[in-house]
Amino acid sequence: MNQELKQEEREVIKLVGFFKKKAESWSADVEISEEFKQLIETCDKLVEQINLHAQSREVIISERELLKKLVKDNALCPRCNKNENLKVIGTEKNEKGWQSNKYKCRKCNITFVWNAPNNPWDMIPYVESVVAEIEKKAADKDLDESAKQHYSDSIAQMKGNLEKLKPVVENSTTDIANLELRDKEMAEIVHKFKKHLMIEKIKLED
């Protein structure tokens, strides 16, 4: 069974299984009513819908998880300037709402929050702010040509990375928003149909 199925979706599929078994057990001895045949047909369509939606949910969530792992913050301990003994112990948000990793250096026995975001969503405004800072420095009239070239190369590289990252992040945000909307719609359909099936089940058991 699909791992991304929600509890109520699983319950409906189980109820559908009950009705299908009933239909199979009757088929040899009893003429199945048109109403019951329609119920089974509706059940099959709903189960197909549930499974397709669950597969879509699984793909979108796994893609989002992969996207989260795109950002490596390359943290270094501010005391020993190394990363070998770092352990992530949590996350913190700064005044701009950007989330960063909080680390402990087991060698120096200190904790610190890294100064860069730990996710692609916050990384976009962060890099944009860094580019703006470098552009200010590059505009300094007293800069020599090699420094200007260095800043120019850095700006071009960062903007190039942003151009690649932005559409991926935007697509993921749209996918998640659509998924949440579809999840809500599906939850309502499943809940109503579960109630209907439970009433039908009680009728059969009477």
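Mentor: Strands S1 and S2 form a hairpin with five residues between them, and Gly97, in the turn, has a positive phi of about 85°. The model is predicted, so local features need pLDDT of at least 70 and side-chain atom pairs count only at pLDDT 80 or more, while totals for chains, interfaces and linings use all residues. Residues are numbered from 1 along each chain as its sequence is written, and side-chain values use heavy atoms, with hydrogens and water left out.

A strand is a DSSP run of E with at least two residues, a helix is a run of H or I with at least four, and both are numbered from the N terminus. Two strands pair if DSSP finds at least two bridges between them. S1 covers residues 86–93 and S2 residues 99–105; they run antiparallel and are joined by seven bridges. Lys93 has Gln99 of S2 opposite.

S2 also pairs with S3 (residues 110–113), again antiparallel, through four bridges. Here Cys105 has Ile110 in S3 as its bridge partner. S2 and S3 make a hairpin with four residues between them, and Asn109, in that turn, has a positive phi of about 55°. In a regular strand, side chains alternate between the two faces of the sheet.

Next come the rings. Rings of Phe, Tyr and Trp (its six-membered ring) pair if their centres lie within 6.5 Å; planes under 30 degrees apart count as stacked, over 60 as edge-to-face and the rest as tilted. The structure holds five aromatic pairs. One of them is tilted, because the rings of Phe19 and Phe36 have centres 6.1 Å apart and planes at 50°. This pair links distant parts of the chain, since Phe19 is in helix H1 (residues 7–27) and Phe36 in helix H2 (residues 34–68), 17 residues apart. Phe19 and Phe36 are both buried. Buried means under 20% relative accessible area, exposed means over 50%, and partly exposed is in between, with a 1.4 Å probe and protein chains only.

Phe112 has a relative accessible area of 10%, so Phe112 is buried. Trp114, at 19% relative accessibility, also counts as buried.
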